[in-house]
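Here is a friendly briefing to read alongside the model. Have the viewer open and follow the topics in turn.

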Amino acid sequence: MNGIMEISNLEKGLDSFHLGPINLTLEPGTITALVGNNGSGKSTILKLIMNLVKPDKGNIKVLNKFVHGPDEGWKTTVSYQPQPIIGWNAFSGRTLKKFIAPYYPNWDEHLFEEMVKRFDISLDKKFIHLSPGSQQKLCLALTLPKNTPLLLLDEPTTFMDIPAKQVFLDMIVAWMERGDRAIVMTSHQSSDIMKLADYLCVLKRGEWVGTYEKEALNNMFKRYWLSDTLPEERIPGELLRTNNQIISNNPDDTEAYFHNQHIKSSSQARLDLEEIITLLVE
Ligand SMILES: Nc1ncnc2c1ncn2[C@@H]1O[C@H](COP(=O)(O)OP(=O)(O)OP(=O)(O)O)[C@@H](O)[C@H]1O
């Protein structure tokens, strides 16, 4: 089966900001998190996928159809939850559902009702009168049931409380169970990324650092505490050093060097995901 989405050599300039070039392929059954500091271009990538922003170079295909071409038929195969939502303030959830559902041939009314119940969403209040967290819950309840092969979520949990985040995680895991869909999400919440993402597409001020399998990334870095003073020369794999501690981005080479030089580490540990992301984007 072809990828659900393919981004090839994508570039975009916005005033002094330059995004890309970016290459990314989404396989069915995978969740990719766009990760980077504020202003690194994550939301812009989602807007480019939705054809809300035109690229300067490169292209994007969803289910083999160019999204920047004249045919917009691909739009019913993508669900997009932007941040913030514009134009919904005057309407209640019930009215919004009546607008949205008919555009999506596979709309799942049962899932919509389940989400309304689990998130305890008030469908009769105008959107503007909902709290930011409740607005996010309603957006999600109006997005997941579209049942499209591709789901794009822009910081979906920023305002959610802890129990709601747990419901969100359960819902996403259940939504992915069929194995034939893909998600791209942006998030600053490391718990979302830890629990959901298969791949991390890392951006640094618009530059694409790389796309990494999460498990591989977890094994890529290691911190060592040495009993003795560190040697003055650079240690293979050394990325950072402080006092008797180093962080390596090549644990195999670092450990071979320790072995050859008869250097003993008193302790060693993997880095957590937040530290790894910080190292990649700074
Ligand atoms: N319409 C626009 N005109 C000019 N510059 C823009 C426009 N939209 C976005 N930008 C710039 O593009 C850059 C990337 O913005 P974007 O919103 O994609 O970042 P982000 O990674 O999603 O940030 P955050 O984590 O804060 O949500 C920023 O420097 C932003 O100021």
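The points below cover the domains, the ligand shell and a sheet.

This is a predicted model, in which local features need pLDDT of at least 70, side-chain atom pairs count only at pLDDT 80 or more, and totals for chains, interfaces and linings use all residues. Residues are numbered from 1 along each chain as its sequence is written.

**Domains**

- The chain is assigned domain 1 (5-214) and domain 2 (221-275); such bounds come from an automatic or database domain assignment.
- Taken over C-alpha atoms, the centres of domain 1 and domain 2 are 39 Å apart.
- An unreviewed UniProt entry places the feature "domain: ABC transporter" at residues 4-230; UniProt positions follow the numbering used here, feature names are shortened, and annotations may be inferred rather than shown by experiment.
- Residues 4-230 are 29% helix and 29% strand, with 48 Å between the end C-alpha atoms. Helices (H or I, at least four residues) and strands (E, at least two) are DSSP runs, numbered from the N terminus.

**Ligand shell**

- The residues around the ligand include Leu14, Asp15, Phe17, Lys42, Ser43 and Thr44; a residue counts as near a molecule if its C-beta atom, placed from the backbone, lies within 6 Å of it.
- Helix α1 (residues 42-49) gives the largest share of this shell, 3 residues.
- By class, the shell holds 2 nonpolar, 7 polar and 2 charged residues. Here Ala, Val, Leu, Ile, Met, Phe, Trp, Tyr, Cys and Pro count as nonpolar, Asp, Glu, Lys and Arg as charged, and the others, Gly among them, as polar.

**The four-stranded sheet**

- The order β12-β13-β11-β14 describes an open sheet of 4 strands with antiparallel pairing; two strands pair if DSSP finds at least two bridges between them.
- At the edges lie β12 (238-242) and β14 (265-270), each pairing on one side only.
- From one strand to the next, the twist averages 20°, with axes as lines fitted to C-alpha atoms and angles running from 0 to 180 degrees between N-to-C directions.

**Strand β11 and its partners**

- Strand β11 (residues 222-226) runs antiparallel to β13 (residues 245-248), joined by 4 bridges, and pairs with β14 in the antiparallel sense over 5 bridges.
- Tyr224 stands opposite Ile246 in β13, and its bridge partner in β14 is Gln268.
- Trp225 faces Gln245 in β13.
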